[in-house]
Amino acid sequence: MHSLEELGPRIFFRISDQIFITESVFFTWIVMLVLIVASVLLTRNLKERPGKVQALLESGVEMLYGLIEGTVGAKNAYLAPYFVGFLIFTFCCNFLGIVGIRSTTADVNTTFAMGIIAFFMIQGLAIRARTLKGHLHHMSSPYIFLLPVNVISELTLPISLSFRLFGNILGGCIVMTLCYQATAALSSMLGMGVPFFNLVLPIPLNLFFDLFE
């Protein structure tokens, strides 16, 4: 639980006055390391006749591929690892809030980095599909004077993507902080040495704000 004054990026450890590692960066590295290790361990002994774990994983992968194919078309199914990777990464970053660590997606630096990746992915795929000339023609259709407007619209995409996720998670973080403070005060009023209500009441809200939303 953190106070509202601590909702900004917090320095985890400092190397020098100009070089430091924030809490969000540190735990993002932890999430990436866990996902890399898990990927290696879960895929190093794949068999033609799968066991229970492999069968479960394959069912999950097939379900996600089917969902993505239904959204972007079968010819674009090669994008599934990108989408699934972002989905799992975001889920794990949000899940940190459940275990008492601030979600790294509550830091705009994390979500903006994700928005930048998405921006270059979109532009690269558009140029690949249309060629650079065709992409510029598409952005200047139906009138050439719309080109600057469309360019500005594309450049603002990382900002809109990053602030959407950041706003949702940070808003949930603020609500949960207020909830924890209120339940701690309630426990204190009832003379409880341990903030019992902090262990019970906020759990459904935590699941909603950090995972479902």
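The largest pocket holds about 620 Å³ of space, with the volume taken as the space filled by probe spheres set on grid points joined across faces, edges and corners. A pocket here is an open set of points on a 1 Å grid over the protein atoms alone, where a 1.4 Å probe fits, with protein on both sides within 12 Å along at least five of seven lines; lining residues have an atom within 4 Å of a point. Of the 20 lining residues, S39, L57, V61, V84 and I88 sit closest to the pocket's centre. Two or more residues come from each of α1 (23-43), α2 and α3 (80-95), these helices being DSSP runs (H or I, at least four residues) numbered from the N terminus. The largest share, eight residues, is down to α2. By type, the lining splits into 14 nonpolar, five polar and one charged (Ala, Val, Leu, Ile, Met, Phe, Trp, Tyr, Cys and Pro are nonpolar, Asp, Glu, Lys and Arg charged, the others, Gly among them, polar).

The model is predicted: local features need pLDDT of at least 70, side-chain atom pairs count only at pLDDT 80 or more, and totals for chains, interfaces and linings use all residues. Residues are numbered from 1 along each chain as its sequence is written, and side-chain values use heavy atoms, without hydrogens or water.

Just after α2, G73 takes a positive phi of about 95°.

The axes of α2 and α3 come within 10 Å and cross at roughly 115°, which makes α2 roughly perpendicular to α3 (65 to 115 degrees).

Conventions: Axes are lines fitted to C-alpha atoms, for helices over the stretch in contact, and angles run from 0 to 180 degrees between N-to-C directions. Angles under 35 degrees count as roughly parallel, over 145 as roughly antiparallel, 65 to 115 as roughly perpendicular and the rest as oblique.
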